[in-house]
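Hello,

Here is the structure I promised to pass on. Have a look at it first, and then read on for my notes.

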Amino acid sequence: MPISRHSSGAWMMPVLPGVPARNELELCNEPSWQIIMIGIFKLMRTTAFLVVLAVSLATTAVSMGIWAISLTAQVSTMTASAAAAAIANRKAIAAAMVRTKAKARLRRVMVALPIAGVAAAIAFERQDYLEWKQDNPVRDVEDYGCEVGTVSAEVIDDVLQELPEQVRPSRDWLLARLPGCEAVDPD
């Protein structure tokens, strides 16, 4: 549609149905190019925001995935080492128990033999005293006797329960034979 002149001499844009006619001055004063530019800038800003948001979410998802894989590997490594340590500890405890039972069995056999039993009892007691003396260098034999007597009095009921009734001595008779000591200061 060609542009026509109004009777006042102003140039007019073609008239579309339902759109009021405007003159050339109105079109120049209206900042339509600014409105279009603002719309384009808003669109670009929204698009840039969405792109930055998508990139940051993708980066976060990838880093969280790597972190989860790393933690899973650490947990599986720790689980495997804990299982190995538990097996090693179980074997060490079992070996220590077997050795303790063997020592106790040997002591019982040696004590059962009259002459060898006395010699074995003296040797075992001497070994226990020497080990105690390494831990307590400033204390003497009397302190050792008092400590052994005190500990023996604490476990006497357990020991008596393990003995058969026919050979079990009286608890009071045994306690009367343990050395009576005053409170011993371990320092």
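Which pattern does the protein chain follow when read along the sequence? The pattern is β-β-α-α-α-α-α, and the chain has five helices and two strands. Helices (H or I, at least four residues) and strands (E, at least two) are DSSP runs, numbered from the N terminus.

Before the details, a word on the basis. This is a predicted model, in which local features need pLDDT of at least 70 and side-chain atom pairs count only at pLDDT 80 or more, while totals for chains, interfaces and linings use all residues. Residues are numbered from 1 along each chain as its sequence is written, and side-chain values use heavy atoms, with hydrogens and water left out.

Now the chain as a whole. Of its 187 residues, 6% count as buried (under 20% relative accessible area; exposed is over 50% and partly exposed lies in between, with a 1.4 Å probe and protein chains only). The accessible surface comes to about 15,400 Å², and carbon and sulfur atoms hold 67% of that (Shrake-Rupley method, 1.4 Å probe; for residues, only the protein chains shown count as cover). Among contacts (heavy atoms within 4.5 Å) with a separation of 6 or more, 18% are between residues 24 or more positions apart.

Helix 4 deserves a look. Its 22 residues (141-162) should span 32 Å at 1.5 Å a residue, and the end C-alpha atoms are 29 Å apart, which agrees; the expected span is 1.5 Å times one less than the number of residues. Helix 4 also has a kink of about 55° centred on Val 155, where the bend is the angle between axes fitted to the seven residues ending there and the seven starting there. Buried in this helix are Tyr 144, Cys 146, Gly 149, Ile 156 and Leu 160.

Finally, the charged groups. Arg 139 sits in the loop between helix 3 (114-135) and helix 4. The count of salt bridges comes to two, each being a side-chain nitrogen of Lys or Arg within 4 Å of a carboxyl oxygen of Asp or Glu. Asp 143 pairs with Arg 139, their closest N and O atoms being 3.8 Å apart, and Arg 139 meets Glu 147 at 3.3 Å, N to O. Arg 139 counts as buried because its relative accessibility is 5%, whereas Asp 143 at 23% is partly exposed, and so is Glu 147 at 31%.

Best wishes
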